[in-house]
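Please keep the sequence and the model in view while reading.

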Amino acid sequence: MTPNPYLFIVIFVAVALAFPLLPLGLAWLWRRFFQPPKPGVQKNAIYECGVESIGEAQIQFRSQYYLYAIIFLIFDVEAIFLVPFAVAFTGLPVGAFIAILVFLLLLIEGLVWAWGKGCLNWAR
Amino acid sequence: MESLEQIKNRAELAARGAKIDIVVNPGPAQQSSLLIDNEHAAAVAQFLRNHPALTFDYCSNATGVDWLDRVIKKTTKVKTVVDGVEKEVDQTIEEKIPGYLEAVYHLYSMKHKHGPLIIRMRTANRTDGARLPSLTPIWRSAELQEREIFDLYGIHFEGHPDLRRILMWDEFVDHPMRKDYREPDDYEWEPTPHDDVLEKAKQHYTPRPQLDGAENVTAQPQ
Amino acid sequence: MSEGQIDEALRSELQRQGVWVTSMQELYNWGRKNSIWPLQFGLACCAIEMIATAASRYDIARFGGEIFRPSPRQADLMIVAGTVTKKMAPQIVRLYNQMPDPKYVISMGACAISGGPFKQGYNVLKGIDRYIPVDVYIPGCPPRPEALLHAFMELQRKIDSQKLTGAGKAEHLDAKQPSEFPVPAFGEHDLQPPANPDVYHPPVLERQS
Ligand code: SF4
């Protein structure tokens with residue numbers, strides 16, 4: 001008799017859950033019976049480099065970073081599409097090559113447009 | 001490089017009213033220096049940097065010196081009449097020189113590959129209001145070093161863009177490189193003390209009156 | 001034979017039969033002493049020797065201490081390697097406070113022990129043991145990597161002998177022992193306080209006549 005094929009998935013899920021939960025449970029037991037917790041102001045501090053933090057962590061960032069992030073997307077998308085293209089490059093017809101060139105041109109045009117608009121200048 | 005006298009004369013001509021003295025160094029190094037008056041220091045420095053024959057474009061080092069009040073004994077021969085006979089008698093004059101702080105700059109020329117030219121400035125006194133003009137606007141490399149002089153000697157450089165302590169913390173009030181600086185007494189554990197340290201460490205020794213006799217106890221533990 | 005200890009003769013007899021006997025304490029300490037993670041920071045020239053100890057020739061990995069952590073939250077051991085200036089001391093104490101228990105300190109080099117060559121300087125702390133408890137001191141300027149390894153083994157020995165229960169149990173298991181120490185403040189003439197009297201106990205010097 002063959003076991004139910006879903007049995008393996010059940011075992012897999014059980015092991016995957018036990019893997020993190022077992023040590024956590026052991027640690028909890030250890031803390032419960034042996035090691036008393038010793039929290040403190042500095043031990044629980046958020047910043048951990050020995051220097052006292054000043055002010056709030058929730059500060060406003062400049063909108064310039066947002067522009068840069070958007071322009072970065074151009075290169076990001078470009079890389080994602082270029083890698084499969086490069087892998088299959090030798091087997092591709094000329095049409096595909098031209099298509100990808102058009103695609104690149106569109107992205108570059110976006111970059112040039114942003115450049116011309118002055119998005120790459122860091123406004124003070 | 002031109003001699004110090006030549007530089008001095010040229011600089012006095014270029015910066016009107018400037019008064020420059022030559023401080024002679026009698027030691028083996030023989031590196032004599034120019035003492036510049038504070039009022040015209042900026043003009044003289046500008047001249048030293050910009051004059052085509054000098055072009056001291058690089059300030060490699062700026063440091064401070066602390067001079068305490070001191071007394072100089074000068075012996076002169078004086079002619080006096082003793083018992084109707086004219087005699088030469090040694091007479092000692094004590095001259096009191098009040099203390100001051102000094103800033104010393106070492107200048108080089110990258111262009112002409114000559115140097116160093118040493119210039120000095122003196123404060124009027126050693127109290128905390130000791131002020132000097134900053135040369136940072138002329139030599140940018142003096143910026144951090146002037147901050148260090150401010151930190152360790154307490155000279156306030158007027159016109160310095162960012163005069164804060166650099167080595168010690170901001171709350172610190174003393175100037176550790178001054179000769180009358182008294183460090184905090186943390187000599188409670190000195191395993192091998194000698195000389196000055198022994199004297200300081202003795203303040204922390206436990207007295208043994210039963211062994212040494214109470215009258216020999218010199219220091220009290222804290 | 002004290003409680004929790006295993007009769008050595010019985011144990012070796014059992015071992016010959018293929019049975020391995022251990023106690024909770026031994027297992028716990030064995031695990032801890034072979035995975036000491038040091039905090040990754042160096043203060044002066046001694047740190048170069050610490051780096052050499054971690055590199056391939058001396059190879060602290062043989063003792064389970066190669067994982068230098070850049071965060072105090074993941075470190076067990078603080079190697080104070082180098083000159084502790086007074087300006088840096090509060091940061092060191094704060095880092096120590098942020099390490100989770102159990103935590104240990106190795107004071108490496110003359111500077112970290114007593115101020116070393118800079119002892120009479122205006123800006124150097126005369127020993128990190130003024131503010132935090134130190135487990136192992138290594139003299140030297142700088143101590144050679146072998147010396148650091150020796151200190152490491154000394155620390156392992158110490159960890160191995162720590163007890164889980166009873167009166168002399170390890171500090172981190174004792175709820176009454178502190179895990180944080182006050183951070184000195186920048187004063188007008190010196191750090192305030194100049195030393196933590198709960199931690200710092202210099203030997204009393206007899207007056208010499
Ligand atoms: S003990 Fe010596 S080697 Fe180590 S930090 Fe101090 S001066 Fe440098």
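Leaving out residues up to four places away in sequence, L117(B) touches L4(B), I7(B), L34(B), L48(B), F56(B), Y105(B), H106(B) and L107(B), a contact being heavy atoms within 4.5 Å. L117(B) is also among the residues with the most contacts inside the largest nonpolar core, which has 62 residues. A nonpolar core is a set of buried Ala, Val, Leu, Ile, Met, Phe, Trp, Tyr and Cys residues joined through side-chain atoms within 4.5 Å. Buried stands for under 20% relative accessible area, exposed for over 50%, and partly exposed for values in between, with a 1.4 Å probe and protein chains only.

The model is predicted; local features need pLDDT of at least 70, side-chain atom pairs count only at pLDDT 80 or more, totals for chains, interfaces and linings use all residues, and side-chain values use heavy atoms, with hydrogens and water left out. Residues are numbered from 1 along each chain as its sequence is written, while chains are lettered from A and ligands numbered from 1 in the order in which they are written.

The scores of the model are ipTM 0.77 and pTM 0.81. For chain C, the mean pLDDT (the predictor's confidence in each residue, from 0 to 100) is 89, and 96% of the residues reach 70 or more. Chain A has an average of 87, with 98% of its residues scoring at least 70. Within chain A, helix 1 (residues 6-33) has the highest confidence, at 93, and helix 2 (residues 63-87) the lowest, at a mean of 86. Helices (H or I, at least four residues) and strands (E, at least two) are DSSP runs, numbered from the N terminus.

Two pairs of chains touch, and the pair with the most contacts is chains B and C. Between chain A and chain B there is no contact; their closest C-alpha atoms lie 14 Å apart. One residue of chain B with contacts in chain C is E190(B), which touches K119(C), Q120(C), K126(C) and L205(C), as well as V197(B) and A201(B), not counting residues up to four places away in sequence. E190(B) sits in the loop between strand 9 (156-158) and helix 4 (195-202) of chain B. Its relative accessible area is 4%, so E190(B) is buried.

Strand 2 (residues 33-36) of chain B is covered on both faces, with S33(B) and L35(B) buried on one side and L34(B) and I36(B) buried on the other. This strand pairs with strand 1 (residues 20-23) of chain B in the antiparallel sense over four bridges, pairing being counted if DSSP finds at least two bridges between two strands. In strand 2, S33(B) stands opposite V23(B). Strand 2 also pairs with strand 7 (residues 114-122) of chain B, in the parallel sense over two bridges, and there L35(B) stands opposite R120(B).

Next comes the ligand. There are 13 residues around it, and C45(C), C46(C), C111(C), C141(C) and P142(C) come nearest; a residue is near if one of its heavy atoms lies within 4 Å. Helix 5 (residues 109-114) of chain C gives the most to this shell, three residues. A112(C) is found in that helix and is buried because its relative accessibility is 1%.

T83(C), in the loop between strand 1 (77-81) and helix 4 (89-98) of chain C, is in contact with L43(C), A44(C), C111(C), F118(C) and V124(C), leaving aside neighbours within four places in sequence. T83(C) counts as buried because its relative accessible area is 13%.

Some backbone details remain. Most residues other than glycine have a negative phi, and most peptide bonds are trans. The peptide bond from G115(B) to P116(B) is cis, with omega near 0°, and P116(B) lies in strand 7 of chain B. Another cis peptide bond joins D101(C) and P102(C), where omega is about -10°. Q30(B) has a positive phi, near 55°, and is exposed because its relative accessible area is 59%.
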